[in-house]
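Please open the structure in your viewer and follow the stops below in order.

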Amino acid sequence: MKRDVSIYFDIITSLKTTKEVESFAGEIDTLMLKFFESEEVSMVKMLDSISEDSSLKIRQVFAKNNLDFNNRDTVSKFFKTLRELIGKLKVIKIVLAFDPSTKTIGNIHNFITELLGIGYILEIEVFQEILAGAIVIFNGKYIDFSLKKRIEDTFKEKADQIVSAIG
Amino acid sequence: MDSILFFDLVLIISDLALALVITALYLFWITKGHISVNAGGRGISGNSKLLEETRLKAIGIIDEANNQAMDIVSKATLTAATASDSFRNNLSHTSSAQIKEFEKATSDFTALYFQVLQDLKAKNIEVFQNLSKDIERDTVDEIKGFKESMQKLTILSQNEIKKKIDADYEILKTEIENHKKEKMQKVDSEIYKLLEEISKLVLGKALSLSEHEELIEESIKKAKKEGIFG
């Protein structure tokens, strides 16, 4: 099988958060373990043992790229490459004021993909005290763009005016 | 041999008895005859002499007969003794031979008995060994059969259970997926309401979800501008 990473595009871009990646990687590891345990086991049947969403993604890639599930070499190389690519995904940690819905996560991830390109996933932490906005952490760098921080900064900058206004 | 000796002895005794009878008759006849003769014509001294001679002759005959008899008896005794010894020897020999034969027969019988006993023992051991092997084989076969039956039953049960679990799992999976969707929708709507309330409290106005997302996207843009992503 030609090592063409473009065939993994749909799967890689569908993974948006670290939780999703951990879950998906675990499913791939289980599949590979079963796959190498016995040559009798069919990969098509094994796909039934993982989540529908993950199973569907893999089936679609195989169908779209005319890959044969019965070719053990193809299957083995596919999952090996997929596992390597998943391991290379970069993690952007964002702290939000609320627990985002799947749709919101999708929107944020799409925005990041448009802005930075593919290969990024989100590690989301919820901290209501930041009120709105986000704290962004990447590669050990930390920037606080939360509403709480803005309010605090505003208070610091305009403390005199505020005190006099109150006073 | 013994019967011949006995027959000879009887003959000798018969001869001897016959000789005695003849001698007695002769003496009687002589005595009677000479007395008559002497009385008829001759003198008493002549008759006495003749009588004496005759008597001596008779005595001689009798002695000779006696001697012969004695000799015969002696011979017969010797023969009898010889025969007895021979008989004893023969008897002893025969007894010895019989004893030997008996001992040999006994020995042979004992040997044969032991041989038969050994054969029987060996045969019994073989029979027991074969029996033991048969029992072992039967037991192994039964255990094997039981094991195979159990394996088949276990596999059958496992398959049945697996099918049941798979069916239940599919049902549960669908139920969980549906429940998850419902919950997510509910959480989304609740979060939105919560955000609105927080925004009202802090900003004096409610921030919509899109406005929150805009603020987040703005934060990410600024982070990029700050060079946080390299």
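Two residues are taken to be in contact if their C-beta atoms, placed from the backbone, lie within 7 Å. The model on display is predicted.

**First stop: the two chains.** Select chain B together with chain A. Here 25 residues of chain B are in contact with 23 residues of chain A. On the side of chain B that touches chain A, the elements giving two or more residues are α2 (44-203) and α3 (209-225) of chain B. Which of them gives the most? That is α3(B), with twelve residues. Coloured by class, this side of chain B shows 15 nonpolar, three polar and seven charged residues.

**Second stop: a pair of helices in chain A.** Select residues 18-37 of chain A, helix α2, and residues 72-87 of chain A, helix α5. Their axes come within 11 Å and cross at roughly 150 degrees. Because angles over 145 degrees count as roughly antiparallel, α2(A) is roughly antiparallel to α5(A). The crossing of α2(A) past α5(A) is left-handed. To see the contact itself, display A:V21, A:A25, A:I28, A:L31, A:M32 and A:F35 on α2(A), then A:V75, A:F79, A:L82, A:R83 and A:I86 on α5(A). These residues of the contact comprise ten nonpolar, no polar and one charged.

Select residues 52-64 of chain A, which form the 13 residues of helix α4. From its first C-alpha to its last, α4(A) reaches 18 Å, close to the 18 Å expected at 1.5 Å a residue.

Terms used
Residues are numbered from 1 along each chain as its sequence is written. Chains are lettered from A and ligands numbered from 1 in the order in which they are written. This is a predicted model: local features need pLDDT of at least 70, side-chain atom pairs count only at pLDDT 80 or more; totals for chains, interfaces and linings use all residues. Helices (H or I, at least four residues) and strands (E, at least two) are DSSP runs, numbered from the N terminus. Ala, Val, Leu, Ile, Met, Phe, Trp, Tyr, Cys and Pro count as nonpolar, Asp, Glu, Lys and Arg as charged, and the others, Gly among them, as polar. Axes are lines fitted to C-alpha atoms, for helices over the stretch in contact, and angles run from 0 to 180 degrees between N-to-C directions. Angles under 35 degrees count as roughly parallel, over 145 as roughly antiparallel, 65 to 115 as roughly perpendicular and the rest as oblique. A crossing is left-handed if the near helix is turned anticlockwise from the far one by less than a right angle, and right-handed if clockwise. The expected span of a helix is 1.5 Å times one less than its number of residues.
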